[in-house]
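Reader: I would like to learn how to read a model of this kind, feature by feature. Could you take me through it slowly, giving the general idea before the particular case?

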Amino acid sequence: MTGRDIRKRFNLAAYAVRLRRGIEAKVFRLALRITLIAVLATAIISVSGLFLLRASMSRISTDLAGQMSEESRKSLEEQALDELSQEARAKASLLDEHIYLIDYFAYMLVDESERILRYPEVYSPFPVEPPESSNDGKLVMQLLHDDRTSIEEARRDSARFGNLGSIMLAIAQNGPDVLSAYVSLESGATIIADSDSGLHASGTLNAKQRPWYQAAVEAGDLSWSEIYEDTAGRGFVITCSVPFYAKDGSLDGVGAVDLKLSRFSDISGIAELTENTSIFLLNSQGVLIDEDSEVGSSDTPLDGEAGKAAKPGNLAESSDSKLRELAEAMMDDKQGVRQVALDGEDVYVAFAPLENLDWNLAVVQSVEKVMEPIRLGERSIDTMQTQAHHAITQAISVMVAALVAAAFTIIVLVALLSRRFAHALTAPITLLRQRVSEIASGNLDTVIAIDTSDEIEDLGASVSSMSRELKEHIRNLNKVTAERERIGAELSIATRIQNAMLPQASSPFPERHEFRLVASMQAAKEVGGDFYDFFLIDDDTLAVIMADVSGKGVPAALFMAISKTVIKHNAMGGMSPGEALSSANKLLCESNSASMFVTVFIGYLTISTGRFRYANAGHTPPLIRRSDAGFELLPMLPGMVLAGLEGIRYRESATSLSQGDEIVLYTDGVTEMANEKNELYGEERLIQAVSNVPQSQFERLLPELKSQVFGFAGSAEQTDDLTVLALQFMACDASCAEDARRLGGRKQTDMTSVMTSSTTSSTTPPVHGESNGDLNSMRPARRINTPTNQGAIHE
């Protein structure tokens, strides 16, 4: 070790010592100052506060007592009102159970009536006799009829309904508060279980004119009537009625149960209420039914007109505005608590709705009764106030003495402990700084060993762990970087190979003036699954292909290469467009373990005649522009994708092109290009974009389209390959046609024969049940509302 190294290390150690001593002194002085300031401030504030507290205790006690009394009053009042509301809900629930029982009786009566109508052969006639005076006071079955029905007709129509007797008698006898149960038929007969035979001595009852009957028929289901007075003077009554129907769905009658309301205890069977508490009911019209409701007088006796409301009192029509507001609140809010004046006394009214009847139940309790526990609480608060004042006065004296002693003790202890604390705190910090400096200088193998059992030790361990992870990360980063560079180089080579497989899109046939071609393919990744192709099958036949392989990246590129090679081989081998696709589909299905597929459009242009034959394998339809019209979708027959299903036969379509006509082939990467708002480019924008380019400027078609598409996408990422191929037919002059006929020779004749044969066979509908796998026989052709001029052929 040289002298320079020794001096360097000595200077570093001296600097660390000075740093440690400086931090120790600062920590010691800071801790001592903070302690002195805190103790003195606390002592001054505490002593001052205690004396001020004792001086102002009378005022604070008064304010506190008032506040506690107010809060206690509010709390106890809320608690009492909540208990009153709970009591209303509980009693409403009990009454609901009773109403539900009456509903059940009515439904049971109707269900049995409908069973008699549906299965009359099961029930023997069981006649019921008209009312007899000897049965007055006895619960018996009675037969009634309306004014238009004789007793004989009533006996005949109700013969089998007599079997309901046991049910009706059981309801009338065992149902709490039930006056009677009856079944009224549309024919005019009524069977009733009632103990008052004298009431029905006339034997007549015009049931269909009663409001309860009409309400049930109108509702088509269970209905409760308004309150009315019982004709026999037995109190107020409401009726639960349900219609029943014959087999053919026609109305056959109504079953009903009368419920007595003369006293509230008869209604609900609710247990006795607490002292100074009462209860009442309010129906949907505001009619009040309380515990003491007696039979009210009625100006019109209910002699055959029972059902007219005989109201014991209408709260909604009260002259007292508070009571009217209470009625409105009960009918609107359905649940709550209100304070009103009843008979000169302030009361609380807690109300809750009945679930099975559009009524409200209210529990009434005097305000004086509610305030009793509140006054007891206020007296208790006064007692507690006096005791608290005495206890605080004694505590103040003790706390002052203890505060002085504690302040002195704390100052002495802090002075002793601060120095030890400062040394213990700064030593590991100094060591940590030294080790971090070593790591920062590049020594990632440095280990920080600090044993303080606190956050500093955790920090040292974290720095050591970070050093190790950083070293490992650097090593992994070097590996990943090298691997990415290798993959990038391979993908770059794959991109060049794929581009080389596509035909030259710029001036591909400079010696041919009968047509013009432009094409472009821009992959979403380094390599893509789209491809286009065009080539001369012979001197008079130009083939164009557009395809889209499922998926992206390298797998799609490999499948694209195979598909392109197979299809071109078939076309060059003399196969028609449909045959080329059918053969390619067979080969691709044989070795498609990855379950990939490709959509393909292939077309043959006969240069000398402008005849264009084509077939489609699930590809998007191309666009065609006639010389005298705008772009539109090229009509075509539907076809299954290649490699999707074996045994598919692809049919062909054909059209004729005139001079200047254009065909644009594209993949769905164009129409499905999305912008930042996730909106798709779509066919309408595509047709508009290519239509804006005149036919005379054919070379601008692809640059203009790409500009429009990427302008629409904006900053959105390209997610699919974008491929376009455009063909413009320029037609032949006389010398060109003569050369084509001379060069084409017999091949042209053969191709025309093949086209004619294909067209003839494709127009013949497939035989039902063929098993050749032709998907066109299983899916209708897409219909496009485009003109079929210039020789377009639709299959």
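This is a predicted model: local features need pLDDT of at least 70, side-chain atom pairs count only at pLDDT 80 or more; totals for chains, interfaces and linings use all residues.

Reader: What is the phi of A643, and is A643 buried or exposed?

Author: Most residues other than glycine have a negative phi. A643 has a positive phi of about 70°, although it is not a glycine. With a relative accessibility of 9%, A643 counts as buried, because the cut-off for buried is under 20%.

Reader: Where does S595 lie, and what is its phi?

Author: S595 is found in the loop between α11 (577-590) and β16 (598-606), and its phi, near 55°, is a positive value in a residue other than glycine. The relative accessible area of S595 is 61%, so S595 is exposed, whereas A643 counts as buried at 9%.

Reader: If neighbours within four places in sequence are left aside, which residues is M168 in contact with?

Author: With those neighbours left aside, M168 is in contact with L109, M141, A181, Y182, V183, I191, I192 and A193.

Reader: How should I read the charged side chains, and how many salt bridges does a search of the whole structure find?

Author: Side chains of opposite charge can pair when their charged atoms come close. A search of the whole structure finds 12 salt bridges. In one of them, the side chains of E129 and R155 meet with an N to O distance of 3.2 Å. This pair links distant parts of the chain, 26 residues apart, with E129 in the loop between α2 and β1 (140-145) and R155 in helix α3 (residues 151-157). E129 is partly exposed, with a relative accessible area of 39%, and R155 is partly exposed at 31%.

Reader: Which residue does D157 meet in a salt bridge?

Author: The side chain of D157 meets that of R156, at 3.2 Å from N to O. R156 counts as exposed at 57% relative accessibility, while D157 is partly exposed, with a relative accessible area of 26%.

Reader: Which parts of the chain does the pair of R516 and E699 tie together?

Author: R516 forms a salt bridge with E699, their closest N and O atoms being 2.4 Å apart. R516 lies in strand β13 (residues 515-522) and E699 in the loop between α13 (682-691) and α14 (701-713), so the pair ties together parts that are 183 residues apart in sequence. R516 is partly exposed, with a relative accessible area of 23%, and E699 counts as partly exposed at 47% relative accessibility.

Technical notes:
Residues are numbered from 1 along each chain as its sequence is written. Side-chain values use heavy atoms; hydrogens and water are left out. Contact means heavy atoms within 4.5 Å. Helices (H or I, at least four residues) and strands (E, at least two) are DSSP runs, numbered from the N terminus. Buried means under 20% relative accessible area, exposed over 50%, partly exposed in between (1.4 Å probe, protein chains only). A salt bridge is a side-chain nitrogen of Lys or Arg within 4 Å of a carboxyl oxygen of Asp or Glu.
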